[in-house]
Amino acid sequence: MDFVSPVLDTVKCLWDCSDKRAVYIRELPENLKSLRNEMAELENVYKDVKKRVEDERKLQKEIKHVVTGWIDSVEDMKREVNDILTEGEDEIKKKCLGTCCPRNCRASYEIGKMVSKKIDAVSQLCIKADNFQEVAASLPTSPVSQVAAPLPTPPAIEAGAAPPPPPAPAVIELPLENTVGLDSLSDKVWRYLQDDKVTTIGLYGMGGVGKTTLLKRINNEFFKTNIEFDRVIWVVVSKSASVEKVQELVLRECGCLDNRWKGRSEDEKARDIYNILKTMKFILLLDDIWEPLNLLKIGFPLLNDQNKSKVIFTTRFLNVCEAMGAESIKVECLKFKEAFNLFQTVVGEATLNSHPRIPKLAKIVVEECKGLPLALKIAGAAMRGKTTPQDWEKNIKLLQSYPSEVPGMENDLFRVLALSYDNLSKAKWPKTKSCFLYCSMFPEDWEISCKQLIELWIGEGFLHEFHKIHDARTEAENIIDELTLACLLESNQSKTHVKMHVVIRDMAMWLAGENGKKKNKCVVKEPGGWIEGHEIAEWKETQRLSLWDNSIEDSTEPPNFQNLETLFASGESMRSLPTQFFARMPVIRVLDLSNSELTDLPAEISTLITLHYLNLSKTEIQNLPVELRNLTELRCLILDDMEKLETIPSQLVSSLSSLQ
């Protein structure tokens with residue numbers, strides 16, 4: 001009968017393990033493996049946080065209580081998990097005779113249940129660490145009040161130099177959303193800032209990867225640091241920047257009024273900047289550099305370990321960092337966990353939890369975005385409010401198959417960015433896509449006036465179905481709101497102006513050119529250029545032409561613009577137009593000559609009988625030609641701030657029967 005006891009024990013064991021608690025016992029080996037993996041990940045996060053804490057303590061900063069509490073919790077968790085892993089492995093080895101069942105089901109159940117809970121607890125500690133954008137609190141005494149006290153009294157200004165500027169804040173805080181995945185990069189920048197041997201730091205990486213966000217975060221952190229400085233100067237450079245443009249931006253940042261440097265030469269402006277900054281310890285933050293900048297030519301004092309001034313800039317190109325002698329820091333795409341956290345904040349918890357399948361589909365979208373922050377934000381905005389798996393699957397298919405013939409980086413980026421464009425409302429606002437693409441006609445980094453944009457949309461006929469101008473404006477405002485919510489436009493705080501991110505603008509121009517197949521369908525020349533006759537000859541098929549602040553060479557042959565519908569020829573550099581320039585524009589609808597130096601209008605403007613919109617604001621024109629009365633289709637005539645305008649022909653306005 002000695003064999004009976006083991007048999008009865010086995011039967012009892014099988015009975016006990018068959019109830020609902022058996023899942024903890026059955027999955028114990030797999031859960032032990034999961035716990036070990038989760039703990040390994042937590043250990044890596046713990047090391048990163050400890051390193052950041054040690055760096056902050058070297059700066060004599062006070063570590064936040066929530067961080068020290070987290071570190072204590074992790075250390076306690078490590079001890080508890082090690083004990084559980086040992087007990088769990090021992091329990092797995094104890095089996096009933098001839099079976100796979102544990103000898104003590106209750107003990108295995110208790111350990112299995114404990115392992116399952118610890119997996120969740122370890123995972124929560126990992127997630128909590130993601131919120132540690134800063135591990136140290138600001139010092140008790142505000143650094144700004146310490147270092148932004150009265151600026152040093154500048155020495156006597158040499159003859160002919162500009163007087164010193166009025167006092168300006170040491171640093172101006174910039175609007176900044178929550179940052180994800182930038183902690184280690186920010187820490188690296190600050191280590192360089194404390195190294196007297198490092199004068200220039202270059203942040204480089206592909207468009208939309210978060211370089212500007214990182215630079216703004218660094219700017220704002222100067223409120224909390226104990227590094228002494230006199231002034232932080234923020235300048236957006238952009239692609240078309242010249243030395244003179246950068247000088248003017250710097251002078252404005254230093255508090256100089258426009259009338260103190262307007263009309264001065266490049267050398268004089270450089271001398272002004274030098275005299276303002278030569279006795280200061282300054283931080284220069286340059287955003288979006290496309291070519292190496294000669295800082296000495298702009299007027300900045302020589303950077304060295306004596307004056308301890310620093311320059312930090314962003315660029316897409318490593319060779320710009322090398323040419324400027326910078327310590328290069330590459331800003332790379334987010335890892336999946338960080339990318340999903342960013343996507344989650346944009347799309348919203350309500351959408352993600354609206355159906356059990358959506359979180360898995362969301363991971364597919366995040367994978368397609370390849371960790372690019374701008375793409376994650378735009379895709380998240382496009383999926384916000386999509387609460388059925390069918391909507392998600394439809395958009396994932398679109399995301400994966402959208403055609404793109406642009407080579408290299410832009411190919412993957414445009415395919416992702418176009419997701420938001422393709423999701424623009426078709427039924428509610430049919431012209432939304434056309435209105436969006438139209439915004440790419442403005443120069444890079446241009447602050448677009450919403451008022452001007454709406455007037456242009458009306459002139460183009462995008463809102464022709466509205467007979468009352470008030471209704472058209474209201475609908476246009478709705479379109480701007482939709483584009484802003486879709487992250488395709490960025491609005492200022494007062495909502496009077498919008499701006500296109502440079503990558504979004506590139507994508508819009510590519511779409512407007514029929515996916516790059518017709519490069520001259522829409523032509524935008526960056527400001528400050530000289531346009532030669534042979535260039536004009538290449539634009540025979542162009543439908544929209546933007547010549548902001550450019551000069552045009554006069555040619556013997558009048559340009560032939562048979563397909564031209566839109567022409568922007570505004571800006572101070574536009575002083576005259578070529579002979580018979582308007583002679584061959586049979587379908588033009590929009591003509592903007594505002595802010596130019598034009599003194600008169602050519603007589604052939606009367607042939608533009610299809611014109612709907614004419615803007616002559618802030619020009620030098622003295623007399624309006626009587627022939628303007630032929631423009632009977634004109635809906636919008638803008639004559640604001642024409643200070644030299646002497647006469648308007650009798651009955652001109654009454655002849656324009658379509659004016660609104």
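**Ground rules.** I number residues from 1 along each chain as its sequence is written, and side-chain values use heavy atoms, with hydrogens and water left out. Since the model is predicted, local features need pLDDT of at least 70 and side-chain atom pairs count only at pLDDT 80 or more, while totals for chains, interfaces and linings use all residues.

**Cavities.** I searched the whole structure and found five cavities of 30 Å³ or more. A cavity here is a set of points on a 1 Å grid over the protein atoms alone where a 1.4 Å probe fits but cannot get out. Points are joined across faces, edges and corners, and the volume is the space filled by probe spheres set on them. The largest cavity comes to about 110 Å³. I then looked up its lining (residues with an atom within 4 Å of a point). Among the lining residues are Glu177, Leu182, Thr213, Leu334, Pro373 and Lys377. By class, I get six nonpolar, four polar and two charged residues. Ala, Val, Leu, Ile, Met, Phe, Trp, Tyr, Cys and Pro count as nonpolar, Asp, Glu, Lys and Arg as charged, and the others, Gly among them, as polar.

**Cores.** Next I looked for nonpolar cores (buried Ala, Val, Leu, Ile, Met, Phe, Trp, Tyr and Cys residues joined through side-chain atoms within 4.5 Å). Buried means under 20% relative accessible area, with a 1.4 Å probe and protein chains only. The largest core has 48 residues, and Phe436, Leu453 and Trp457 have the most contacts inside it. Elements giving two or more residues include helix H16 (373-383), helix H20 (450-460) and strand S18 (636-638). Helices (H or I, at least four residues) and strands (E, at least two) are DSSP runs numbered from the N terminus. H22 gives the largest share, eight residues. I checked Leu453 for contacts (heavy atoms within 4.5 Å). Beyond its neighbours within four places in sequence, Leu453 touches Tyr438, Cys439, Phe442, Ile448, Ile480 and Val498. A second, separate core of 45 residues includes Val331, Val347, Val365 and Ile396.

**Ser186.** I found Ser186 in helix H7 (residues 183-193). Ser186 is buried, at 1% relative accessible area. Leaving aside neighbours within four places, Ser186 contacts Leu214, Arg217 and Glu221.

**Cysteines.** Cys439 is buried at 2% relative accessibility. The sulfur of Cys450 has its closest cysteine sulfur in Cys439, at 9.0 Å, also too far. Cys450 is buried at 9%.

Conventions
1 Å grid on protein atoms, 1.4 Å probe; cavity = no way out; pocket = protein on both sides within 12 Å on 5 of 7 lines; lining within 4 Å. Buried < 20%, exposed > 50% of the residue type's maximum accessible area, 1.4 Å probe, protein only. Disulfide = S-S within 2.5 Å.
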